[in-house]
Amino acid sequence: MPHHDKPANGQDTFLDVLDQTPPPPDTKDSPRPKRFARLRAAWKASWEEGGFLHQRWEDVFQARHASWHEVANWIKAAALFGGLSLIVLMLDTAGDVASATLKGLSAAPATSGGLWGTVNHPIRVFLADQAAHLSIAPAALYAFWQLTGLVGLVGGFFENAGARITWLLFGIGSLAMIWSAAPAGGRAAATGLAALMWALASIFALRGLTLRPIVHNHPPQYQFTPTLHLHATLPAPAGDDYGPDNVHPLQR
C-alpha cells in the first residue's frame with residue numbers, strides 16, 4: 001500500500017514536488033537530457049496554481065490585507081525572527097555608542113578655568129574623594145555623572161517625565177557636591193553660580209512645563225433634558241351602578 005509523506009495541511013513542499021516530478025526520458029535513441037532538467041521541471045511545477053511556491057506567494061499577497069491572526073504562521077515566524085534580530089543589533093550598537101561616550105567623557109581634562117571650571121572642579125574633587133572608598137574609578141564615576149545630566153537635559157527637552165525628574169535630582173545633587181567640596185572662601189559664590197547655570201539649562205530641559213492646572217472642557221456625551229410628568233386620576237361621574245344618570249334600563 002503506497003504511503004505519501006505530506007504535511008498536515010495537505011500542501012506539498014518543494015522537495016515533494018521534486019520527488020514527484022518524473023525524470024526526463026533517458027534512452028539510447030533520444031539525446032542526453034540536460035543536467036538540471038529535473039530541477040527546472042520541479043521549479044516550474046511549484047509555481048503553477050496549487051504549487052508550493054505559488055501558495056507561499058499567495059500568503060504574502062494576502063498578508064497585506066489580513067490581520068495578525070489571519071497571517072500565515074511562516075510569515076509570523078519570519079517577522080518575529082527579523083524583529084528580534086533588529087532589536088539585538090540595536091542593543092549592540094547602543095552599547096558601543098554608550099561605551100564610546102563614557103570613554104570620551106572620562107578623557108576630559110581634570111581642571112579647567114573660567115566659569116565652568118569653578119563649577120566642574122569641586123564636583124571632580126568630591127567624586128574623587130568618594131571613589132576612594134568605593135570599588136569604582138573616579139573617571140568612571142565622573143563620566144556617569146556627566147552622562148546622567150546629558151540624558152536628563154535631552155530627555156527633558158522632549159518632555160519626558162522620567163528625564164525631567166532625573167534632571168531635577170541631577171541639579172540638586174550637583175549643588176550639594178559643589179557646596180561640600182568648594183573652598184570655604186568661595187563656597188557660596190560657586191554654589192550660586194552653579195544654581196544659575198542649572199536654571200538656565202532648565203529652560204530647555206523643562207520647556208512647556210507649567211504649574212497651572214490644565215482644565216479640559218469636553219462637551220457631555222449625553223444631554224439630560226428634564227421633563228415633568230403629572231399623573232392625575234379623574235373621578236368617576238356620579239350615578240348608579242348601571243351607568244350615568246341619563247341612561248336607565250328598560251322596564252316592562
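Residues are numbered from 1 along each chain as its sequence is written, and side-chain values use heavy atoms, with hydrogens and water left out. Because the model is predicted, local features need pLDDT of at least 70 and side-chain atom pairs count only at pLDDT 80 or more, while totals for chains, interfaces and linings use all residues.

**Overall fold**

The protein chain has eight helices and zero strands. Along the sequence the pattern reads α-α-α-α-α-α-α-α. Helices (H or I, at least four residues) and strands (E, at least two) are DSSP runs, numbered from the N terminus. Of the 252 residues in the chain, 18% are buried. Buried means under 20% relative accessible area, exposed means over 50%, and partly exposed lies in between (1.4 Å probe, protein chains only). Take the contacts between residues at least 6 apart in sequence: 48% of them join residues at least 24 apart. A contact means heavy atoms within 4.5 Å.

Two packed helices are described by the angle between their axes and the distance between the axes. Axes are lines fitted to C-alpha atoms, for helices over the stretch in contact, and angles run from 0 to 180 degrees between N-to-C directions.

| Helix pair | Axes come within | Crossing angle |
|---|---|---|
| α5 and α8 | 9 Å | roughly 110° |
| α5 and α7 | 8 Å | roughly 85° |

Helix α5 spans residues 114-131 and α8 spans residues 187-205. Angles under 35 degrees count as roughly parallel, over 145 as roughly antiparallel, 65 to 115 as roughly perpendicular and the rest as oblique. From α5 come Leu 115, Trp 116, Thr 118 and Val 119; they meet Ala 190, Leu 193, Ala 194 and Met 197 of α8. These contact residues are seven nonpolar, one polar and no charged. Ala, Val, Leu, Ile, Met, Phe, Trp, Tyr, Cys and Pro count as nonpolar, Asp, Glu, Lys and Arg as charged, and the others, Gly among them, as polar.

The axes of α5 and α7 cross at roughly 85°, which makes α5 roughly perpendicular to α7. Here α5 supplies Val 119, Pro 122, Ile 123, Phe 126 and Leu 127, and α7 supplies Ser 174, Met 177, Ile 178, Ser 180 and Ala 181. This contact has eight nonpolar residues, two polar and no charged.

**Charges over rings**

Arg 124 lies over the face of Tyr 142, 3.8 Å from the ring centre. Arg 187 lies over the face of Trp 179, at 5.6 Å from the ring centre. A charge sits over a ring if NZ of Lys or CZ of Arg is within 6 Å of the ring centre and within 35 degrees of the ring normal.

**Two single residues**

Ala 205 lies in helix α8. Ala 205 is buried, with a relative accessible area of 0%. Leaving out residues up to four places away in sequence, Ala 205 touches Gly 152, Leu 153, Gly 156, Phe 157, Arg 164 and Trp 167.

Glu 159 lies in the loop between α6 (138-157) and α7 (161-181). Its relative accessibility is 48%, so Glu 159 counts as partly exposed. Most residues other than glycine have a negative phi. Glu 159 has a positive phi of about 60° although it is not a glycine.
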